[in-house]
Amino acid sequence: MTLTTLLLLAAALIGIGIYGALSQQSFVMLMMGLELILNGVMLAAVAFWAFSGAGVPEGQLLTIIVMAVMAIEMAMGFALVVAAFRGKQADMTESLTGLKH
Amino acid sequence: MESMNHGLGVDIAFLLLATLAVVTGWRVFRTDSMVRASFFLLVSFIAVGVIMILLAAEYLGVAMFFMMAVEMTVMALFMVMFMMNPAGLNPMNMVHQERIAIGAGVAGFLILGAMALLATFPDQPVPAGLEPVRSLGNEMLGESMLIFESAGLVLLTTMIGVVVLSSHRGRYGAAAEGSMPPGLEPGGDPAGKPEEDEAGEGGHHHHHHHH
């Protein structure tokens with residue numbers, strides 16, 4: 001377990017996440033891709049904190065902030081899914097063709 | 001490298017957890033069942049959480065378990081409520097622009113991986129005497145209190161925004177008013193009837209129209 005292997009793992013998770021976020025048609029599957037990207041980001045932040053940051057507390061704080069971002073992303077994402085479903089009865093990105101309410 | 005002087009056991013555990021995280025992360029997009037996909041994602045997050053604990057960030061690792069367990073359960077619930085094929089009874093592969101997506105994913109991995117391999121980062125491991133949980137707590141409720149409190153405020157704003165967005169009473173009248181399902185093919189006829197209004201108020205409104 002070195003910084004390099006940890007960063008490679010983070011890069012793999014981010015890569016899979018990018019694929020998922022760009023390729024999935026279902027809103028919730030798309031959000032899963034975003035979550036995987038943030039998963040990799042958090043792992044990289046903790047790896048840097050542990051190996052390069054000499055244990056400065058801000059490194060851990062950054063991870064907490066990413067976790068908060070993740071919670072916000074999930075909550076707003078699900079709210080938008082509900083709103084889109086009420087308005088269009090749709091659960092796929094292709095069904096949304098405009099920015100009307 | 002005193003504090004990072006871990007044994008072979010940690011390395012083996014890391015290797016297994018890293019494999020688990022990547023394989024389950026990949027399976028998220030390769031399973032027929034959306035509920036199963038959310039649980040694969042949960043396993044991937046838990047593997048990363050255990051790696052964080054191996055890295056001495058105990059608080060963050062454990063916080064990850066709790067947060068992701070709840071999040072993925074909510075996700076599975078949403079799958080059952082809204083999405084087609086939550087149980088994976090039919091083969092499912094709903095993707096668009098897949099080539100570009102694969103290319104972007106591979107490019108992202110290669111660029112970030114090249115940075116991990118080629119860049120030199122300072123070698124400053126966590127000092128031996130550091131208590132990670134205590135130091136994080138002191139930081140959050142001391143120097144970085146404003147950041148911590150701002151995060152709380154943003155979460156409150158999110159809650160209000162979520163209620164506004166998902167309310168049955170939309171901003172411009174009933175949220176489901178005139179809602180039609182999308183066509184079976186792009187630009188085709190709607191695949192069904194407009195949704196019946198469940199709310200009492202909406203039903204009343206409907207009633208007036210007929211007279």
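This is a predicted model: local features need pLDDT of at least 70, side-chain atom pairs count only at pLDDT 80 or more; totals for chains, interfaces and linings use all residues.
1. Chain A. Chain A contains three helices and zero strands, and its elements follow the pattern α-α-α along the sequence. Of its 101 residues, 66% count as buried. Among the contacts in chain A with a separation of 6 or more, 68% join residues 24 or more positions apart.

2. Chain B. Seven helices and two strands make up the elements of chain B, which run α-α-α-α-α-α-β-β-α from the N terminus on. Buried residues account for 32% of the 211 residues in this chain. For contacts with a separation of 6 or more, residues 24 or more positions apart provide 52% in chain B. Its accessible surface is about 13,200 Å², and 66% of that belongs to carbon and sulfur atoms.

3. The interface. As background, the size of an interface is often expressed as the accessible area lost when the parts come together. Here chain A and chain B bury about 7,400 Å² between them, and 77% of this lies on carbon and sulfur atoms. B:Phe29, B:Leu55 and B:His96 supply 9% of the area that chain B buries against chain A, more than any other three residues. The contact involves 75 residues from chain A and 92 residues from chain B.

4. The nonpolar core. The largest nonpolar core has 71 residues, and A:Leu6 and A:Met32 are those with the most contacts inside it. Both chains contribute: α1, α2 (27–51) and α3 (57–88) of chain A each supply at least two residues, as do α1 (8–27), α2 (34–54), α3 (58–82), α4 and α5 (132–140) of chain B. The element that gives the most to this core is α2(A), with 15 residues.

5. A:Met32. Which residues of chain B does A:Met32 touch? Not counting residues up to four places away in sequence, A:Met32 touches B:Val28, B:Phe29, B:Met34, B:Ala37, B:Ser38, B:Leu41, B:Met75 and B:Met79. One of these, B:Phe29, is also among the three residues that supply 9% of the area chain B buries against chain A.

6. Helix α4 of chain B. This helix covers residues 98–118; at 1.5 Å a residue, its 21 residues should span 30 Å, and the end C-alpha atoms are 30 Å apart, which agrees. Its buried residues include B:Ala101, B:Gly105, B:Gly108, B:Gly113 and B:Ala116. Seen down the axis of α4(B), the buried residues fall within an arc of 115 degrees, so they line one face of the helix. The face turned away from the buried side carries the exposed residues B:Arg99, B:Ile100, B:Leu110, B:Ile111, B:Leu117 and B:Leu118. The cover over the buried residues of α4(B) includes α1 (3–23) of chain A.

7. A:Leu7. A:Leu7 is placed in helix α1 of chain A. Is A:Leu7 buried or exposed? With a relative accessibility of 9%, A:Leu7 counts as buried, because the cut-off for burial is under 20%. Leaving aside neighbours within four places in sequence, A:Leu7 is in contact with A:Ala44, A:Phe48, B:Ala116 and B:Phe121. Of these, B:Ala116 is one of the buried residues of α4(B). A:Leu7 and A:Ala45 are 38 residues apart in sequence, while their C-alpha atoms are 9.3 Å apart in space.

8. Two alanines with positive phi. A:Ala54 lies in the loop between α2 and α3 of chain A, and B:Ala56 lies in the loop between α2 and α3 of chain B. Although not a glycine, A:Ala54 has a positive phi of about 55 degrees. For B:Ala56, also a residue other than glycine, phi is positive and near 75 degrees. A:Ala54 counts as partly exposed at 33% relative accessibility, and B:Ala56 counts as partly exposed at 25%.

Conventions:
Residues are numbered from 1 along each chain as its sequence is written. Chains are lettered from A and ligands numbered from 1 in the order in which they are written. Side-chain values use heavy atoms; hydrogens and water are left out. Helices (H or I, at least four residues) and strands (E, at least two) are DSSP runs, numbered from the N terminus. The expected span of a helix is 1.5 Å times one less than its number of residues. Buried means under 20% relative accessible area, exposed over 50%, partly exposed in between (1.4 Å probe, protein chains only). The arc is that of the directions from the helix axis to the C-beta atoms. Contact means heavy atoms within 4.5 Å. A nonpolar core is a set of buried Ala, Val, Leu, Ile, Met, Phe, Trp, Tyr and Cys residues joined through side-chain atoms within 4.5 Å. Buried area is the accessible area (1.4 Å probe) that two parts lose on being put together, summed over both. Accessible areas come from the Shrake-Rupley method with a 1.4 Å probe; for residues, only the protein chains shown count as cover.
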